Amino acid sequence: MKKLLLTASACSLAFAFAASAQTAAPGTPAAWPEKPVTIVVPFPAGGSTDMVARAMAQHMGDKLGQNFVVDNRPGATGTLGAGMVKRAPADGYTLLVSSLGAFVVAPHLLKSVPYDALKDFDYITVPVQAPNVLVAAPGQKARTVKEVIAQLKANPGKVSFASSGNGSSDHLSAEVFWQQSGTEGLHIPYKGGAPAINDLLGGQVEFSFQNVNAVLQHIRGGKLHAIAVTGDKRSPVLPDVPTLAEAGVAGAEVYSWQGMAAPKGLPPALKKKLSDAAIAALNDPTVKKRMLDQGLEIVASTPEAFTAYQAREFARWKTVIETRKITAD
């Protein structure tokens, strides 16, 4: 009996120690998440980034047994929300899901941003990416890249290209296209993709490089003409549309992408648990189908791969923005 009591006492001590260790080390895989997790999206609800964040939040919440809540904090081309996340504790309870703008464009485009994109975040995963597609307004006769280039060369600086804003991936796609084709167009920036697409449909502007998922329904409905995609391969949802490289313009590959990040300083074990949950969400058949049906490509990269990709994209867009003298105005 005495031996049995000693054994029970030892077990009780072991459980107590384990419980105190778990309480003392929030952020370890055993403890996290103990309360709701906030995913900051630095853009309005309803866009591509918001959709990706909400799909991931739902799956991650179900898998980890805690609510993942999307908090839309638009402003200053994504830098307002990113700055909020940078200032949050590195405990896994505040995350950022943003397009490439806040990560690799705005730091070069704006005079000051409230974070250092290379130093202030732990990069978790690139959930998805999508090429942009060069589309022509309904009244345009151009159907090939060669014809678009001919139109540009015949009217230098006068052929209009709509974008969702200065420094957006669709704007940068146009700048790279003009650079690599030796042409110049007229950039018409809008405050968001929706008004740019509306004016394109109405014929107020002539061309645009838009996210595939944003204009897919209009292409399929015959309202916009797809000319080429900016990816390094054809888009599965537009298999008959060539890449720019296939059409004779090399070096103009551009992807629009989303990234999930956290404040710098996550404990390694927590970072792994978080990235594993994020990647599992993207590989869930329901989530994956939803993304693929809209023309998005699943990336689901590791933290190490995202960190390396972020550095390459940061350097690339710095060069493009400086070379092309792109400004936020």
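Trainee: Is phenylalanine 306 buried or exposed?
Mentor: Phenylalanine 306 is buried, because its relative accessible area is 0%; buried means under 20% relative accessible area, exposed over 50%, partly exposed in between, using a 1.4 Å probe and protein chains only. This is a predicted model, where local features need pLDDT of at least 70, side-chain atom pairs count only at pLDDT 80 or more, and totals for chains, interfaces and linings use all residues. Residues are numbered from 1 along each chain as its sequence is written, and side-chain values use heavy atoms, leaving out hydrogens and water.
Trainee: Which cluster do ring pairs make with Phe306?
Mentor: Ring pairs join Phe306 with Phe103, Tyr115, Phe121, Tyr123, Trp257 and Tyr309. Rings of Phe, Tyr and Trp (its six-membered ring) pair if their centres lie within 6.5 Å; planes under 30 degrees apart are stacked, over 60 edge-to-face, the rest tilted.
Trainee: Switching topic, where's arginine 324?
Mentor: Arginine 324 is in the segment after α11 (303–323); helices are DSSP runs of H or I, at least four residues, and strands are runs of E, at least two, numbered from the N terminus.
Trainee: And what does arginine 324 touch?
Mentor: Arginine 324 touches Glu175, Trp178, Gln179 and Glu184, leaving aside residues up to four places away in sequence (contact means heavy atoms within 4.5 Å).
Trainee: Why does arginine 324 count as buried?
Mentor: Because its relative accessible area is 18%.
Trainee: How many aromatic pairs are there by the ring rule?
Mentor: The count is 14.
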